[in-house]
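Let's walk through this model together, one region at a time. Please keep the sequence and the 3D view side by side as you read.

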Amino acid sequence: MTGAGAHGPAAGGAPVPPLTLLYVPADRPDRVAKALASGADAVLVDLEDAVAPGAKDAARGNLAGLLGGRAAGPEPAGLEVQVRINAAGTPWHAADVAAVAALPPSVGVRVPKVESVSQVCALAGALPGRPLHLLLESALGVERAFELASASAQVASVGLGEADLRSDLRVDDEAGLAWPRSRVVVAARAAGLPAPAMSAYTHVRDLDGLAASCRAGRALGFCGRTAIHPGQLDVIRQAFAPTERDVERAREVVARVAEAADAGSGTVVLADGTFLDVAMIDRARWVLALADRAGA
């Protein structure tokens, strides 16, 4: 099953996800306007953690004015917008879902604390056709990662909510998240979804630490990252964008494999001695599509 709401497939069928996803609280319309113009690939308008309980109703009431005209609004081409709602079982969930249902269908919904297929199916029924972006924030959610990722054709992505997950797993060290991170990467790809985005890096002034963390996440198979401050966007984009050398090699792979196929051969050896076959062209095409996404 291929999830809804991907940014367009690379050649070979791999969906290309946003690299930079910027959270902004819905109770701050001024910040939402700045976020929409920030250059982020996706803006995540938040009704959940960034909004105090006493401001939930006002934040929800802002959605129509902020996002109701998206279809005709003067926004950057390709910009994705999602609304993070409050979790099922909270006092605000039903009203959040109703408010999102009134928005243009291109506005996705970011769903926290997902643990069951029934939750996903209920949202898919209430918000037909709308992209669902699932956050797994508990041990149970991680255990059910593939089941949740493949629960509906409307599921557009899965990712971790690491702050809550750390608490649930009772881990303080990065090593405690290694297996859940790999688990969600595998589940996403097995379900035909884009590689997951990393959770936000909360030390907004530590850009060196952010870059190092992004590199570690990229090595695990993540692609892109949520941000909580516009100053993090360039670091995230640079960390996940293919390098010039990556792009050059990908172009060589595509060209040489195509030449081999035209010549009736299924294999080719590059100048550096690397053995390739036709199946490896998908990876090269993915790199090229990612480079286009990143403007590299």
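The lining of the largest pocket takes at least two residues from each of β1 (20-25), α1 (29-36), α7 and β7; helices here are DSSP runs of H or I with at least four residues, strands are E runs of at least two, and both are numbered from the N terminus. A pocket is an open set of points on a 1 Å grid over the protein atoms alone, where a 1.4 Å probe fits, with protein on both sides within 12 Å along at least five of seven lines; lining residues have an atom within 4 Å of a point. The model is predicted, so local features need pLDDT of at least 70 and side-chain atom pairs pLDDT 80 or more, while totals for chains, interfaces and linings use all residues. Residues are numbered from 1 along each chain as its sequence is written, and side-chain values use heavy atoms, without hydrogens or water.

Of the 36 lining residues, Y23, A200, T202, T226 and I228 lie nearest the pocket's centre.

Next comes helix α8 (residues 178-190), with 13 residues. Its buried residues (under 20% relative accessible area, with exposed meaning over 50% and partly exposed in between, 1.4 Å probe, protein chains only) are P180, R181, V184, V185, A187 and A188. They share one side of α8 because they cover an arc of only 170° around the axis, taken from the directions from the helix axis to the C-beta atoms. On the other side, W179, V186 and A190 are exposed. Just after α8, G192 has a positive phi of about 80°.

Finally, look at Q232, in the loop between β7 (225-227) and α10 (233-240). Q232 counts as buried because its relative accessibility is 1%.

Key
The expected span of a helix is 1.5 Å times one less than its number of residues.
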